[in-house]
Amino acid sequence: MRVLLDSNILVRVASQDSLTPIAQSGTSHLVTDGHELCVVPQIFHEFYVVATRPQSQNGLGLSSDTALSHLSEFEAVLVLMPDSQPVYTIWRDLVRAHNGPGKSAHDARLVAGMGANGIGAILTF
């Protein structure tokens with residue numbers, strides 16, 4: 001099964017804090033069990049924003065170069081699914097059906113990416 005990794009999993013791995021081993025263990029178990037770890041472009045965008053945001057604003061405070069280096073590492077091991085017209089169409093239909101304002105419309109885009117790319121689950125922290 002394809003499993004979408006939420007951006008907070010990538011943040012945990014890059015932060016090297018006390019929660020890093022849990023994020024690494026969870027992803028390792030999924031791979032061992034034969035799952036394909038996927039992301040959609042939005043996940044990488046969200047990671048970059050959090051990674052480069054100052055720590056005083058709940059970010060990691062990494063330089064752009066360091067954040068991009070982490071992205072390169074993630075790109076080497078994760079499957080980047082396409083952002084396509086079907087993603088937009090599914091997102092629009094979800095927002096219309098559920099009157100999803102604000103953050104819920106943002107998260108609906110992840111669900112749309114999952115639906116358009118045959119991703120059956122999401123791993124989040």
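Where is the place of Gln 16? The views below start with that residue; the model is a predicted one.

**View 1. Gln 16 sits in the loop between helices H1 and H2.** Helix H1 covers residues 7-15, and helix H2 covers 20-32. Most residues other than glycine have a negative phi. Gln 16 has a positive phi of about 50°, although it is not a glycine. Gln 16 counts as exposed because its relative accessibility is 57%, and the cut-off for exposed is over 50%.

**View 2. Asn 58 is another non-glycine residue with a positive phi.** Its phi is near 65°. Asn 58 belongs to the loop between helix H3 (41-52) and helix H4 (64-77). With a relative accessible area of 64%, Asn 58 is exposed.

**View 3. Three residues form a nonpolar patch on the surface.** They are Leu 19, Ile 22 and Phe 125. Together they have about 260 Å² of accessible area. Phe 125 lies in the segment that follows strand S4 (121-123). Its relative accessibility is 42%, so Phe 125 counts as partly exposed.

**View 4. The largest pocket has a volume of about 210 Å³.** Elements H1, H2 and H4 each give two or more residues to its lining. H2 gives the most, with four residues. Among the lining residues are Leu 5, Ile 9, Leu 10 and Val 13. Gln 24, Thr 27, Ser 28 and Val 31 also line this pocket. By class, nine lining residues are nonpolar and three are polar. The lining of the largest pocket has no charged residues.

**View 5. One cavity of 30 Å³ or more turns up in a search of the whole structure.** The largest cavity holds about 40 Å³ of space. H3 and helix H6 (102-116) are the elements that give two or more residues to its lining. Val 40, Pro 41, Gln 42 and Pro 82 line the largest cavity, together with Asp 83, Val 87, Arg 109 and Gly 113. What classes do these lining residues fall into? Four are nonpolar, two are polar and two are charged.

Terms used. Residues are numbered from 1 along each chain as its sequence is written. This is a predicted model: local features need pLDDT of at least 70, side-chain atom pairs count only at pLDDT 80 or more; totals for chains, interfaces and linings use all residues. Side-chain values use heavy atoms; hydrogens and water are left out. Buried means under 20% relative accessible area, exposed over 50%, partly exposed in between (1.4 Å probe, protein chains only). Patches are made of residues with over 30% relative accessible area and no salt bridge: like charges are joined within 9 Å, nonpolar side chains (Val, Leu, Ile, Met, Phe, Trp, Tyr) within 5 Å. Accessible areas come from the Shrake-Rupley method with a 1.4 Å probe; for residues, only the protein chains shown count as cover. A salt bridge is a side-chain nitrogen of Lys or Arg within 4 Å of a carboxyl oxygen of Asp or Glu. On a 1 Å grid over the protein atoms alone, a cavity is a set of points where a 1.4 Å probe fits but cannot get out, and a pocket is an open set with protein on both sides within 12 Å along at least five of seven lines; lining residues have an atom within 4 Å of a point. Grid points are joined across faces, edges and corners, and a volume is the space filled by probe spheres set on the points. Ala, Val, Leu, Ile, Met, Phe, Trp, Tyr, Cys and Pro count as nonpolar, Asp, Glu, Lys and Arg as charged, and the others, Gly among them, as polar.
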